[in-house]
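Please look over the sequence and the model shown here before reading the briefing that follows.

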Amino acid sequence: MDRLPNWLKWVVVALALAVMAALMLAVNDRAARVEMPPPDNTFGIYRGADSR
């Protein structure tokens, strides 16, 4: 890495961050379209908003 110019190192870092951001957005978009099952209240841990 010592032989590479400084600007090229920053281009590589920026490109890596851009790829990671694109993958994050792709995963987030796909996860937003998946229907989640209702919560399983087997152990009774979920309470309504009006219960105390």
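V13 counts as partly exposed because its relative accessibility is 41%, where partly exposed lies between buried (under 20% relative accessible area) and exposed (over 50%), judged with a 1.4 Å probe and protein chains only. This is a predicted model, in which local features need pLDDT of at least 70 and side-chain atom pairs count only at pLDDT 80 or more, while totals for chains, interfaces and linings use all residues. Residues are numbered from 1 along each chain as its sequence is written, and side-chain values use heavy atoms, with hydrogens and water left out.

**Helix and annotation**

- V13 sits in helix α1, which covers residues 6-32.
- An unreviewed UniProt entry lists residues 6-27 as "transmembrane region", although such annotations may be inferred rather than shown by experiment.
- Across residues 6-27 the chain is 100% helix and 0% strand, and 32 Å separates the end C-alpha atoms.

**Surface**

- W10, V13, L17 and M20 make a nonpolar surface patch of about 460 Å²; patches consist of residues with over 30% relative accessible area and no salt bridge, with like charges joined within 9 Å and nonpolar side chains (Val, Leu, Ile, Met, Phe, Trp, Tyr) within 5 Å.
- The protein exposes about 5500 Å², of which carbon and sulfur atoms supply 65%, as computed by the Shrake-Rupley method with a 1.4 Å probe.
- Of the 52 residues in the protein, 0% are buried.

**Charged pair**

- The count is one salt bridge, defined as a side-chain nitrogen of Lys or Arg within 4 Å of a carboxyl oxygen of Asp or Glu.
- D29 and R33 join their side chains in a salt bridge at 3.2 Å, N to O.
- D29 is partly exposed, with a relative accessible area of 43%, whereas R33, at 60% relative accessibility, counts as exposed.

Methods: Helix = DSSP H or I, 4+ residues; strand = E, 2+ residues; numbered from the N terminus.
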